[in-house]
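Please look at the sequence and the three-dimensional structure below before reading on. The report then takes up a few elements and residues in turn.

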Amino acid sequence: KRVAPGGEVPEGPSQSRLYEAVWTLTSELSLDVVLQKVADLSRELSGASYSALGVVGEDGKLVQFVTSGISQRGRERIGRIPEGKGVLGVVLKEGKPLRLADLTQHPASVGIPPYHPKMKSFLGVPIIFKGRVLGDLYLTNKIGAEEFSQDDETLVTLFAAQAAVVIENARLFENEARRSAQLDLLNRLGRELTRIFDLDRVLQRVAELLQEGFNYQNVQVFWVDQARDALQVRALVGLVQGQV
């Protein structure tokens, strides 16, 4: 069963729950917290046993998978995140809501992986911001009914539209905060280096501050040895320390 995104939620409990969910969501700025709350709130709104938020990377593939209704131990047993194939891939590719009474009967179904909870009824809704798919909401196992209703789909679709704005704002806020911290680091770098007169210490401090401020796993400083026409490692920090 498919419908076009949009629609109105009838006045009453559903509308109140939607407003409350959106209000809760807009009070957060941390991207990780926002993503988890989107997964949690969509599960509550739809009355689903399980929900997941798949975040899409620049290549259109899933790069993050946030779940709700499954314990941390359960997530660890399942293993790596989905690749975006099967029924999940249908929602990713088409960018439209998809509602199924039994997801295992869909032609694109690839089955349930080991240690995964059994899932039957399914509702998938894309999260779209200005025509760009940021991710998808996946809801399974409707509580108290055989399948998700048209009202569930409308409610979650409207919630996903609001969630897209909040997610994008959280991303922008996080990017600006990171950029501000990096600029502050560069200023610190300039101030510190003017007080160090030993070249090896200067290069080592550069590597340390770059790793700290830009969150790199490894930073290495190579020095040009023109006499030997070679590069020489003069400073390094991170996982490679002691290995080079």
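## Basis of the report

This is a predicted model, in which local features need pLDDT of at least 70 and side-chain atom pairs count only at pLDDT 80 or more, while totals for chains, interfaces and linings use all residues. Residues are numbered from 1 along each chain as its sequence is written, and side-chain values use heavy atoms, with hydrogens and water left out.

Helices (H or I, at least four residues) and strands (E, at least two) are DSSP runs, numbered from the N terminus.

## Helix H5

The expected span of a helix is 1.5 Å times one less than its number of residues.

At the start of H5, the side chain of Ser149 places an oxygen within 3.4 Å of the backbone nitrogen of Asp151. This can be set against the definition of a polar contact, which is a pair of N or O atoms within 3.5 Å; within protein, one must be able to donate a hydrogen and the other to accept it, and residues adjacent in sequence count only if both atoms are side-chain atoms.

## Helix H6

Helix H6 covers residues 199-214, and its 16 residues should span 22 Å at 1.5 Å a residue, which agrees with the 22 Å between its end C-alpha atoms. Its N-terminal end is capped by Asp198, which has a side-chain oxygen 3.4 Å from the backbone nitrogen of Asp200.

A residue is called buried under 20% relative accessible area, exposed over 50%, and partly exposed in between (1.4 Å probe, protein chains only). The buried residues of H6 are Val202, Leu203, Gln204, Arg205, Val206, Ala207 and Leu209. Their cover includes helix H5 (150-193), strand S6 (218-225) and strand S7 (230-238).

## How H5 and H6 meet

Axes are lines fitted to C-alpha atoms, for helices over the stretch in contact, and angles run from 0 to 180 degrees between N-to-C directions. The axes of H5 and H6 come within 10 Å and cross at roughly 165°, so the two helices are roughly antiparallel to each other. Angles over 145 degrees count as roughly antiparallel, under 35 as roughly parallel, 65 to 115 as roughly perpendicular and the rest as oblique.

Contact here means heavy atoms within 4.5 Å. On the H5 side the meeting residues are Gln182, Leu185, Arg188, Leu189, Glu192 and Leu193, and those of H6 include Val202, Arg205, Val206 and Leu209.

Which residue follows H6? The residue is Asn215, whose phi is positive, near 60°, although Asn215 is not a glycine. Asn215 sits in the loop between H6 and S6, and it counts as exposed because its relative accessibility is 70%.

Asp229 also has a positive phi, of about 55°, without being a glycine. Its place is in the loop between S6 and S7, and at 72% relative accessibility Asp229 counts as exposed.

Ser68 lies in strand S2 (residues 62-68), and with a relative accessible area of 2% it is buried. The side chain of Ser68 makes polar contacts with the side chain of Arg43, at 2.8 Å, and with the side chain of Asp40, at 2.7 Å. Ser68 and Ala52 are 16 residues apart in sequence, and their C-alpha atoms are 6.1 Å apart in space.

Asp136 is found in strand S5 (residues 132-142) and counts as buried at 0% relative accessibility. Leaving aside residues up to four places away in sequence, Asp136 touches Ala52, Leu53, Gly54, Val91, Leu92, Val125, Pro126 and Ile127. Leu103, in the loop between strand S3 (98-100) and strand S4 (122-129), is buried with a relative accessible area of 8%. Among the residues that Leu103 touches, not counting those up to four places away in sequence, are Val87, Ile112, Met119 and Phe122.
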